[in-house]
Amino acid sequence: MSGKHLTHDNDQPAPYGDPDTVHSIYRECIEETKPVPTRERTFLAPRLKGIHHLDIGYSKVVTASPGMILDNLYNFYDGVKDTLHEWWLRLCPRPTAITGTDFRGSSIVGRTTYAGRHDHDKPIHHLRVELWGRTWWLGWRRLAEGYSGFDGRFELPYDLRAARSSAIRKIRAEISQTTYRFDRHGNRSRSFSLAVALPIKKSDLVGMRYDLRDIQIELWCYRPDCYIPRVKIDDLQHEAPEKYVEGRNEAITDQFIPVELIKLKHVTMLRADPNALTIEEIQADYPPNLTTCIEARLPGYSRSDEFFGERMMNGMNALTFEPIDGEEHRYRVVNWGYQGYDHNNVYAFPTTEMDFEILPGDHAPRPLQITITGALSAFEHDPDQKRTFYPTDGERWLQAKRVARSVGGLISEVDDHFARTHVNVEQYAIAANRNLRLNPVTWLLLPHLKEVSLIDHTADRMLISQEAGYIPRASALTEKGLKHRVRDALGMMNWKGYRPMPVINDHHYYARAENLFWDITYEYISEFFEHNAADIRAYWYEIFAMSEDLVSHSVPAFDREAHLRGLEGRAYEVASRRLNYWTTRFDHQPQMPTGSYGGEPRALSPITQAKDFAQADPDDWENLKEMCCYAIHHATFLHSWVNEHQHDDIGEVLYSCLGLRFGEHPDGVMHPESDHRIAPDPLRATQMLWWSNLLSRTEYGAITKNPDGDVNPRFGELLKAHEAEFRSYGVLVDNIESRTNI
Amino acid sequence: MNTTHQQSWTGELLADWLRRGKDFAVLWVVAKVFAFSVALFASLMLKRRMSHDNGIAARGTVRILDNPAIPLHRFFLPERTFPCRIRHATATFLDDAVKGIRSMSIKFSDDHLESPFDLQMNTGERSLFWSAASFLQFARLRKQKWGVEYRDYYRKYPDGLSGAIEALRENPESFSDLRYYCKTPFLYIGEDHTLRYAKYRVVPAKMGTRETGILQSPDPLEIPNQRVAAHNPNGRNYLKYEYRDRLEKGSVNYLIQIQLRTAAADEDPEIFNNMKPWDEEIHPWHDLAEIEITEAYDWVESCKTTFHVGNMPETLGAIPAKSIHDYNSLNYMRAHSAIAHKARLLNYRLFGYPPEIPDNDNRNWSDWEKPHRILNRSYDLPPKN
Ligand SMILES: [Fe+2]
């Protein structure tokens, strides 16, 4: 996706020259700063082993020559091993036909269940179970196959004579997860990835039933200790329920090493001497971003009102504009700051309210005033202090816009990026992965929900944690405040009743693109449901179980009354205004009926209450479609949007950051950009540029490119059919990722 | 026309023949090795039967009934009467009060060994194992300790577990009120020369006698635990005492019943599975003979009394088995156990009979205990005169 050219009010003077020139510069800068050239892999080039080896300090990158040589050797060994393994697999193929003739009288029985303290007796339904014999000459014989039932139980008949054949050396039962892939023509194939293999003594098979008993698998377990629904991952490399596809890690290695090396150099220099580099030097080392590019060609333009309004509407923030009662074409935006959340006293994070004039037609918003509530310097502590700035305020207006941009940056990162896309999507990913296997919704939904749990796990350390994470150390929010905020946000989000942002005028490209994408997704899903209706109904139990998991693990509903109960005076006012912010930002509908669990209303609505489709409510069919649309929409378009625009909108330290420091001046953050004591310190500065490059410039897995063949090509076709319309909103369909994985 | 086709056809026939030959050879070796091992290591050295050491024998008569529902067989001629000997036992443990399987064996003669017709039966309509292979697993996984056994077996084989739940009896009031089943079918070739299969069972002669000792809402996890419960007032010999007392007061009467089915050409092997009772609607039980038991034997005679599956007319004998997985292999194994009986009787002759089970507190025990001998020995100095 990328921004779109600007259109300004014709009555306004054009201080930056001919509007067409401005448009073309804007467009060129977007094009120039977008791609990160793919690096050729040479023998002695630094390497990175995977996303989870990244760190805001020292990532685990092999840079020294002996290390690189060793790494090459290891890679060579790995390659040989893989080749041999592949060759071996070809040599000992696994037949699809079952060996045996008489399947009466003997069977393997058992039950698949979750593992662990909270889940150990809970059955896992519809897991693939196979019984395999290995011959003395290392061939495979398929002895039995099937799926566990709703209650996790399975019974697979096998031929006793075939199993006890003297040709067979050993026998094992295999429990697998099911995955689906598509070829270019949309033909689906199924494959199984082994979760557990249980050896069975051949002499134990003596006919009748042989009981494998409860097979406990720690498959997509919820974290028992978490404030929000998250998947339990103790060891990312060995015990995670999923893995990044190879291409994902390769994309990082290929695209990101140059940026990683810049940061490594900076961190090393700054750890030796904190003043070794200036912000300008740091900025200059990184590839240019949208604002530095524009600034180089149109000085001052990136700080202009036009650019400000444009980015607030169609940039990373993509703000929600609320019409002001009784005032035509005037809209207000609230960006809620630190009030009510745990924070430090180093960085500013005031609440900002911005009024815009948005004329009908192809016009960008024009900022009219910015009201800032809360501390702006180290010398004030009143969180209620209000100050309003106007375009006529000269330098102060520029400074107020910078504060507003930085507040917007942090809000976008925390509320929109982390909460709304990453962890919000993860809760759907867990519930879907726990329950979808045979229902066609599996191959509709899962490709869009993979890898999010892995990247969230990495984000916990890299962005969220107080000790090692970036946000608590480079912004006003502490880890505690962050978690509180994320939980509040999740309490406001529900798949039911979600609609894309209403379009305000022709220039509202974000909303128009979002609506277009939503409509296409819905069309794709409707078509899919029509084609697969019989099987979706037949395996309705999976939908029921997914719905149960979704509701019972979702955070408590952000209930207005419960939230405000017992509060008075200022506390009531703050809580009430904060609630309004959330309600508006996420279009929360308090009247929407949601599910409940443990006697407490939950944020999410149930999809269905019936285990069997015959007993389901007539609305449940539509509910399921709506939920699928919501999950796909959030995991793809919404995430791609906010993720990709980070580099544009927080890729220049002095333009915007996650938090301006109060500094030492009595005016605090209301000071010129030249005062570097209010900008992030050099270490935070290089880290910020590092991760904005990391997140925005190492994307992988577009829906239309479908590099892993997991997305139904029909979705890509539908998007491609609307390519021109998307382009007119500044969105490249080939850049919309199929999943949230960075 | 089709040389290849013919070749493959003969090839297949040969392969099948070889496979059958191998299967039968394995069965023969297993049966022989097993019987010889039991004979040597249990019977000859330890005076042990396979499992039912703890029993009481008794004598009486058996009279074949005139039941037109049963196709005529020359051995079961109506009104034919035999002297008979039976033996009731508790499996495995030398303690009547354990939660255990009880048995009844009948021979149609009052001899400790020889007889024209023997039946060996246990409580429960289903068994705990179903083939020679499964029986070997059963034996291997017994792992008995202090009255707990077969835990691993039950965990692996749920059918074995459900068989146990059905067969175990907890504190039955008397051997005489239980139902005993043969479970494995036998041949039945009557005067009409039609091949039939037969299953036998014994029930109390008095209709409506309540069967005691059936497990009430059993916990599958507790089935391996056959231990005598705390506070159980029953002693180690209570069932044998009860039976002896009962016979002193009068006779004990039973009915032998038979279930028959005509053999078919394409028989489903599952009909031979002793874990799957035949449908009583289709194959009803018919009264075959009446038993009247009048006198109990003492411990020595009870020990001597031995039953053998081979003691049967050929037309009523065991169904031939093909492999260790064949359900009929169980009787094939039993038929090979004669050597073990002889080894045990030889041991009795050479070294005497096993000691009677004492009424002591050594509960849940399954090995012979030597009783204390009275030494009549003094270490006091003789008084000085
Ligand atoms: Fe992201």
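These legends describe close-up views of a predicted model.

**View 1. The four-stranded open sheet of chain A, with strand order β5-β4-β7-β8.** Pairing in this sheet is antiparallel. β5 (140-147) and β8 (188-200) of chain A stand at the edges and have a single partner strand each, so one side of each is left without a neighbour in the sheet. Direction ignored, neighbouring strands of the sheet are turned by 30° against each other on average.

**View 2. Pairing of β4 and β5 in chain A.** Strand β4 of chain A covers residues 128-135 and runs antiparallel to β5(A). The two strands are joined by 7 bridges. Within this pairing, Leu131(A) is found opposite Ala144(A) of β5(A).

**View 3. The hairpin of β7(A) and β8(A).** Strand β7 of chain A (residues 168-182) and β8(A) run antiparallel, and 12 bridges join them. Glu174(A) has Ala197(A), in β8(A), as its bridge partner. Between the strands of the hairpin there are 5 residues. Gly186(A) takes a positive phi near 85° in this hairpin.

**View 4. The five-stranded open sheet of chain A, with strand order β10-β11-β12-β13-β14.** At the edges are β10 (322-323) and β14 (386-389) of chain A, each of which pairs on one side only.

**View 5. Strands β12 and β13 of chain A, with helix α7 lying across them.** β12 (residues 351-357) and β13 (residues 366-373) of chain A run antiparallel and are joined by 7 bridges. One residue pair to locate in the view is Met354(A) and its bridge partner in β13(A), Ile370(A). Helix α7 of chain A, made up of residues 305-314, lies across both strands. The helix runs at about 105° to β12(A).

View 6. The side chains of Lys263(A) and Glu260(A) meet in a salt bridge, with an N to O distance of 3.2 Å. Over all chains, a search of the whole structure finds 82 salt bridges.

**View 7. The interface between chain B and chain A.** Contacts involve 23 residues of chain B and 18 residues of chain A. The size of an interface is often expressed as the accessible area that is lost when the parts come together. Chain B and chain A bury about 1,700 Å² between them, and 48% of this area is on carbon and sulfur atoms.

**View 8. Polar and charged pairs between chain B and chain A.** The two chains are linked by 5 salt bridges. One of the salt bridges joins Asp268(B) to Arg104(A), with the closest N and O atoms 3.4 Å apart. There are also 10 residue pairs in polar contact between chain B and chain A, counting pairs with both residues at pLDDT 80 or more. On the side of chain B that touches chain A, two or more residues come from each of α1 (3-46), α2 (132-140), α3 (151-156) and α4 (158-167) of chain B. α2(B) gives the largest share, 4 residues. By class, this side of chain B has 9 nonpolar, 5 polar and 9 charged residues.

Technical notes: Residues numbered from 1 in each chain as written. Chains lettered and ligands numbered in written order. Predicted model: local features only at pLDDT ≥ 70, side-chain atom pairs only at ≥ 80, totals over all residues. Heavy atoms only, no water. Pairing = 2+ DSSP bridges. Contact = heavy atoms within 4.5 Å. Axes fitted to C-alpha atoms, helices over the stretch in contact; angles between N-to-C directions. Buried area = accessible area lost by both parts, 1.4 Å probe. Salt bridge = Lys/Arg side-chain N within 4 Å of Asp/Glu carboxyl O. Polar contact = N/O pair within 3.5 Å; in protein donor to acceptor, adjacent residues only side chain to side chain. Nonpolar A, V, L, I, M, F, W, Y, C, P; charged D, E, K, R; others polar.
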